[in-house]
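We will go stop by stop.

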Amino acid sequence: MTQHAGPLAGKRIVLGVTGGIAAYKAIEIARRLVDAGAHVAPIMTDAAQHFVGTTTLSALASEPVRTELWHDPETPIPHTKVGQGADLILVAPATAKLLSAYRSGFSHDLLTNTLLATRAPVVVCPAMHTEMWEHPSVVDNIAVLRERGVHIVEPEPGRLAGGDTGMGRLAEPARIVAAVESVLGPRDLAGVRVVVSAGGTREPIDAVRVIANRSSGKQGYAIAAEAAARGADVTIVSTVELSPPFGTTVVAVETASQMEAAMREAASSNDVIVMAAAVADFRPATTAGGKIKKRDGVPDIVLEPTPDILAGLGAAKRDGQVLVGFAAETDDLVANAQAKLEAKRLDLIVANDVGAAQVGFAHDTNAVTMLRPGAEPVEIDLAAKRDVARAVIDTIVEIMRAR
Ligand code: CTP
């Protein structure tokens, strides 16, 4: 797998930065886009330069920052050149002033001229004080831009300038980059409903203690993010508190039995079901209501089996539904995974050797073997979990097309 296999590889992205306190985050966004293989051409407004200097952004982007409509020695009319050559224009952060100017076509500087002189998709990431974000004029501008097909990455609640907190903080850079990927990537899951379970279940012993496992949920979230980026309508049934990827909805659960209920419900309306969660196989047969006290001695904890959620989903599988399981193995990877593939009536199983270095639980990388009924195993060498997710989603798309 090449280093830049994703949808941003080789894409020309104009990054417009306007004058808000969040302008400093544009530097992180530029770096992430460049790391993903994009060519980043930055534009800063005059006000943006009150918050961050041009030097840092010039150094981290793919070319020097442009700031002026005039006096560009290389391009006499930079706005048309920059806008026409772009695969996408991203404005982050976008102030209330930028939204207003863009909405009304008031092209007073290089960035607003570029936005008007392009047919490329545009992603706008507003950031401002809560009062401004909720002001009817801003609400109206956002609604109009959205209607015109501009992609809006909504701000989040959190700390704002001047010590205030509230809605209006710029979305996290990772979320913004995911939105860009989603706009530029293939839309081969458009209209498809996907549910992914993620994380390890926690089975209560008493009011404070649980039986847990080491699953971080990262691989499940990466699959959800990839599916959403490719146009799917994605739900994550999750035991972990990772931030929801752009375009996904999270249903929070804790135990195997809560996960079973949530997955069953989701299965009735979803086309693709991915069980990436590490479900406890055993749970305490009884749960103490309060905290078990030391003075009462070492407790005997009697365990009972949990329901096999995936096997249940396999038994109830509807025609056309795609069911994907995971297998965490330490020995005989392919044989054990093959047995689970058949026993649980799966269309695909993604097996990982959880004993190997850099693989599985808590790591950002994974190496897996994918098995499908009647097909040769496909190995994905050690790669970022997002790259593994891409391979899993590619296979799901293949399964759906073959039907
Ligand atoms: N799974 C499930 N419900 C369980 C246990 C597992 O839905 N109670 C799912 C997991 O989410 C995974 C697949 O079944 O997609 C395989 O899980 P794994 O732990 O590898 O296998 P088990 O079937 O639990 O068998 P074993 O632990 O003996 O290897």
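A residue counts as exposed when its relative accessible area is over 50%, and as buried when that area is under 20%. Keep both cut-offs in mind; the model is predicted.

**Whole chain**

Start with everything shown. The protein chain has 14 helices and 19 strands. Its C-alpha trace spans about 75 × 55 × 40 Å along the principal axes. Of its 403 residues, 50% count as buried.

**A charged surface patch**

Select Lys291, Lys293, Lys294 and Arg295. They form a patch of positive charge on the surface. Now pick Arg295 alone. Arg295 sits in the loop between strand E14 (282–284) and strand E15 (303–305). Its relative accessible area is 69%, so Arg295 is exposed.

**Helix H10**

Select residues 218–229. This is helix H10, with 12 residues. From first C-alpha to last it reaches 16 Å, close to the 16 Å expected at 1.5 Å a residue. Is H10 largely enclosed or largely open? Of its 12 residues, 11 are buried, so the rest of the structure largely encloses H10. Among the buried ones are Tyr221, Ile223 and Glu226. Step just past the helix to Gly231, which takes a positive phi of about 100 degrees.

**Glu226 and its partner**

Stay on Glu226. At 4% relative accessible area, Glu226 is buried. Its side chain meets that of Arg386 in a salt bridge, 2.9 Å from N to O. Arg386 belongs to helix H14 (residues 385–401) and Glu226 to helix H10, 160 residues apart.

**Helix H9**

Select H9, residues 173–184. H9 reaches 17 Å from its first C-alpha to its last, close to the 16 Å expected. It is mostly covered, with 9 of its 12 residues buried. Glu181 is one of the buried residues, as are Ile176 and Leu184.

By the distance rule, the count comes to 25 salt bridges. Pick Lys340 and Glu329, whose closest N and O atoms are 2.5 Å apart. Lys340 is in helix H13 (residues 333–343) and Glu329 in strand E16 (residues 322–329). Lys340 is partly exposed at 26%, whereas Glu329 counts as buried at 8%.

Finish with Arg403 and Asp347, a salt bridge with closest N and O atoms 3.0 Å apart. Arg403 lies in the segment after H14 and Asp347 in the loop between H13 and strand E17 (348–353), so the bridge ties together parts 56 residues apart in sequence. Asp347 is buried, at 11% relative accessible area.

Definitions and conventions
Residues are numbered from 1 along each chain as its sequence is written. This is a predicted model: local features need pLDDT of at least 70, side-chain atom pairs count only at pLDDT 80 or more; totals for chains, interfaces and linings use all residues. Side-chain values use heavy atoms; hydrogens and water are left out. Helices (H or I, at least four residues) and strands (E, at least two) are DSSP runs, numbered from the N terminus. The expected span of a helix is 1.5 Å times one less than its number of residues. Buried means under 20% relative accessible area, exposed over 50%, partly exposed in between (1.4 Å probe, protein chains only). Patches are made of residues with over 30% relative accessible area and no salt bridge: like charges are joined within 9 Å, nonpolar side chains (Val, Leu, Ile, Met, Phe, Trp, Tyr) within 5 Å. Accessible areas come from the Shrake-Rupley method with a 1.4 Å probe; for residues, only the protein chains shown count as cover. A salt bridge is a side-chain nitrogen of Lys or Arg within 4 Å of a carboxyl oxygen of Asp or Glu. Lys and Arg count as positive and Asp and Glu as negative; His and the chain ends are not counted. The place of a charge is taken as NZ of Lys, CZ of Arg, CG of Asp or CD of Glu.
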